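Notebook open, model loaded. I'm jotting down what I look up as I go.

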Amino acid sequence: MAVNSQLSSAEIGTLWMTYQQKTMILRMLDYFIEKADDRDAEKIMVHLQKDIEPYAEKMEKIFEKHGLEVPVGFTKDDVTKEVPKLYDNGFDIMFVRLVKEISMGMHTLNLTMSYQKDIIEMYRELTYLTQKYYEKCTQYLLERGLLPQAPYVSIQKPVEHVQDKDYLKMFKPVKGRRALNTVEMTHIHHAIESNIIGMQMIYGFSQVAKEPEARKYFHEGGELAKGIVKKLTTIMFENDTPAPMTPGGNVTQSHLSPFSDKMMLYCVSLFCSFSLGGNSLGTAFSLRNDLPAKLSLFMKDIFEYAHKGAKLMIKHGWMEEPPQTEKH
């Protein structure tokens, strides 16, 4: 059967979301490149920006080709490069790495919901680019001691199979507390690492946001991320396992905003979606029954926080509406 040349609703929706995300990172790179004080970091970001820009233009042409309005996304008006540095000590590459991590999931999912050959190819190419720059950012941070790796642990031998239902419990009647397995530890470590970077980012936003409501909202988000880090770190310590502590990414004393409140709120919304997805995976793959309960509470708090941000964006006219279906 011939493929319909008209875009499906899924393709329109994924293109719209991808355009929002790509224009956001392009504008943030404008600022981070301007303030880069490390030549290697600047090189990574300059090359990334040059590689992403053609895809934003390609998406604009696809929208126009199919008679659709080109989204507003984010423009040069959403960034002010002349203000002082808001973050220091490797935060720019930490941020880019986390955005690339989000992008990897988005592009793979979007590819599975596409039918047009050119759109499938675009997501395939974007996936490759994302993986390439994620690796570059990872190696950059590792070389500078700015990225704590997951803990190294001794593994019991030989391979065993679960013998009883007590394995699912936090405490076992005879042996006491059941140690975390490596799958559970992986998701906890990842959540701590992501929330530390998110906390630093959002505290910076709270320091420079123009609208008082936005400043209050961002501060609340920083406290939420801090609370999640504390609780997850406690779980690691109770397992006699070190928790990751990121030594870089400090917020400076600047109170002048490099980004519009609109773009910062969108960025936080994107990170909340990523956090909800990460906690969902952690819940699905954790066998010790106390962990899904804790992660589910985090998801509830994150969802409520994201919903509050959406209402704030709507109130100030900062939320661009996705393409809507016509009522018949």
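This is a predicted model: local features need pLDDT of at least 70, side-chain atom pairs count only at pLDDT 80 or more; totals for chains, interfaces and linings use all residues.

**Aromatics**

Which residues form one aromatic cluster? I find Tyr-31, Phe-32, Tyr-87, Phe-91, Phe-95, Phe-205, Tyr-217, Phe-218, Phe-259, Phe-271 and Tyr-305 in it. Residues are numbered from 1 along each chain as its sequence is written, and side-chain values use heavy atoms, with hydrogens and water left out.

I get 14 aromatic pairs in the structure. For pairing, the ring centres of Phe, Tyr and Trp (its six-membered ring) must lie within 6.5 Å; planes under 30 degrees apart are stacked, over 60 edge-to-face, and the rest tilted.

I looked at Phe-32 with Phe-91 and got a tilted pair, 6.3 Å centre to centre with 55° between the planes. Phe-32 belongs to helix α1 (residues 9-35) and Phe-91 to helix α3 (residues 91-112), so this pair ties together parts 59 residues apart in sequence. My helices are DSSP runs (H or I, at least four residues), numbered from the N terminus. Phe-32 and Phe-91 are both buried, which here is under 20% relative accessible area; over 50% is exposed and in between is partly exposed (1.4 Å probe, protein chains only).

Next I took Phe-205 and Phe-218. Their ring centres are 5.5 Å apart and their planes sit at 65°, so I call the pair edge-to-face. Phe-205 is in helix α5 (residues 182-208) and Phe-218 in helix α6 (residues 212-238), so the parts tied together are 13 residues apart in sequence. Phe-205 comes out buried at 1% relative accessibility, and Phe-218 is buried at 0%.

**Helix α3 against α5**

I checked how α3 and α5 pack: the angle is about 125° and the axes are 11 Å apart. Axes are lines fitted to C-alpha atoms, for helices over the stretch in contact, with angles from 0 to 180 degrees between N-to-C directions. That puts α3 oblique to α5; under 35 degrees would be roughly parallel, over 145 roughly antiparallel, 65 to 115 roughly perpendicular, and the rest is oblique. The α3/α5 crossing is left-handed, meaning the near helix is turned anticlockwise from the far one by less than a right angle (clockwise would be right-handed).

Who meets whom? From α3 I list Phe-91, Met-94, Phe-95, Arg-97, Leu-98 and Glu-101, and from α5 His-190, Glu-193, Ser-194, Ile-197, Gln-200 and Met-201. Contact means heavy atoms within 4.5 Å. The residues of this α3 to α5 contact split into six nonpolar, three polar and three charged.

**Helix α1 against α4**

I then turned to α1 and helix α4 (residues 117-143), which pack at about 35° with axes 12 Å apart. Their crossing is left-handed. Glu-11, Thr-14, Leu-15, Thr-18 and Lys-22 of α1 make the contact with Ile-119, Met-122, Tyr-123 and Leu-126 of α4. I count the residues of the α1 to α4 contact as five nonpolar, two polar and two charged.

**Met-24**

Is Met-24 buried or exposed? Met-24 is buried at 0% relative accessibility, and this residue lies in helix α1. Setting aside residues up to four places away in sequence, Met-24 touches Phe-74, Phe-95, Met-263, Tyr-266, Cys-267 and Leu-270. Met-24 and Met-106 are 82 residues apart in sequence and 15 Å apart C-alpha to C-alpha.

**Loop residues**

Thr-252 sits in the loop between α6 and α7 (261-285) and counts as buried at 19% relative accessibility. Thr-252 touches Lys-85, Leu-86, Tyr-87, Asp-88 and Gln-207, again not counting residues up to four places away in sequence. I get 7.9 Å between the C-alpha atoms of Thr-252 and Gly-204, which are 48 residues apart along the chain.

Asp-240 is in the loop between α6 and α7. Phi of Asp-240 is positive, near 60°, in a residue other than glycine. Asp-240 is exposed, with 72% relative accessible area.

Asn-89, in the loop between α2 (39-65) and α3, has a positive phi of about 55° although it is not a glycine. Asn-89 counts as partly exposed at 32% relative accessibility.

Key:
Helices (H or I, at least four residues) and strands (E, at least two) are DSSP runs, numbered from the N terminus. Ala, Val, Leu, Ile, Met, Phe, Trp, Tyr, Cys and Pro count as nonpolar, Asp, Glu, Lys and Arg as charged, and the others, Gly among them, as polar.
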